[in-house]
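Okay, thanks for coming, everyone. Let me put the sequence and the model up, and then I'll walk you through it.

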Amino acid sequence: AVNSPGTYGYVPGKDVSYYVNLAGGLTESARGIDKYRLYNSYGERLDDNTPITAETTIEMEISTFERDLGITVTVVSLVASIVALVAAIVDFPN
């Protein structure tokens, strides 16, 4: 949910917003600057109030609305195409 995900240099005392800005800021699909998860170097989830260290991974949450809407539109379009095809076959003169 950031524009340039990657690994960035650790700066002691900096917060999540600092690292989000290093990564190019939030994308349109991001849920917000306050919606994130922190993980330690073992991949274990940390409390959001845990200080960021050199080995902390920050994962920004994304909104699934756009993705879910896209899937729904695709499925509805596919079903409509199948129904139209079946109707055309049934209506086809012998």
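Let's start in the sheet: the bridge partner of L38 in strand 2 is L46. On the other side, L38 stands opposite I58 in strand 3. When I say strand, I mean a DSSP run of E with at least two residues, and a helix is a run of H or I with at least four, both numbered from the N terminus. Two strands count as paired if DSSP finds at least two bridges between them.

Before I go on, the housekeeping. This is a predicted model, so local features need pLDDT of at least 70 and side-chain atom pairs count only at pLDDT 80 or more, while totals for chains, interfaces and linings use all residues. Residues are numbered from 1 along each chain as its sequence is written, and side-chain values use heavy atoms, with hydrogens and water left out.

What order do the three strands come in? The order is 2-1-3, in an open sheet with antiparallel pairing. Strand 2 (45–46) and strand 3 are the edge strands, each pairing on one side only. Strand 1, residues 36–39, pairs with strand 3 over four bridges, and Y39 stands opposite T57 there. Between strand 1 and strand 2 there are two bridges, again antiparallel. Those two strands form a hairpin with five residues between them, and G43 in the turn has a positive phi of about 80°.

Now, the pocket. How big is the volume of the largest pocket? About 440 Å³. Points are joined across faces, edges and corners, and the volume is the space filled by probe spheres set on them.

The lining has 19 residues, and G6, Y8, T56, T57 and I58 lie nearest the centre. Strand 3 (57–60) and helix 1 (16–22) each supply at least two lining residues, and strand 3 has the largest share, with four. By type, the lining splits into twelve nonpolar, six polar and one charged. Nonpolar here is Ala, Val, Leu, Ile, Met, Phe, Trp, Tyr, Cys and Pro; charged is Asp, Glu, Lys and Arg; the others, Gly among them, are polar.

On to the rings. Searching the whole structure turns up one aromatic pair. That's Y18 with Y19, edge-to-face, at 5.0 Å centre to centre and 85° between the planes. Rings pair if their centres lie within 6.5 Å, and planes over 60 degrees apart make it edge-to-face.

Is Y19 buried or exposed? Y19 counts as buried because its relative accessibility is 9%, whereas Y18, at 26%, counts as partly exposed. Buried is under 20% relative accessible area, exposed is over 50%, and partly exposed is in between, with a 1.4 Å probe and protein chains only. Y18 has one more contact to show you: the charged end of K14 sits over its ring, 5.0 Å from the centre. For that we want NZ of Lys or CZ of Arg within 6 Å of the ring centre and within 35 degrees of the ring normal.

Last stop, the loops. I33 is in the loop between helix 1 and strand 1, and I33 is partly exposed at 38%. E61 is in the loop between strand 3 and helix 2 (65–91), and E61 is buried, at 16%.

Note on methods:
1 Å grid on protein atoms, 1.4 Å probe; cavity = no way out; pocket = protein on both sides within 12 Å on 5 of 7 lines; lining within 4 Å. Phe/Tyr/Trp six-rings, centres within 6.5 Å; stacked < 30°, edge-to-face > 60°.
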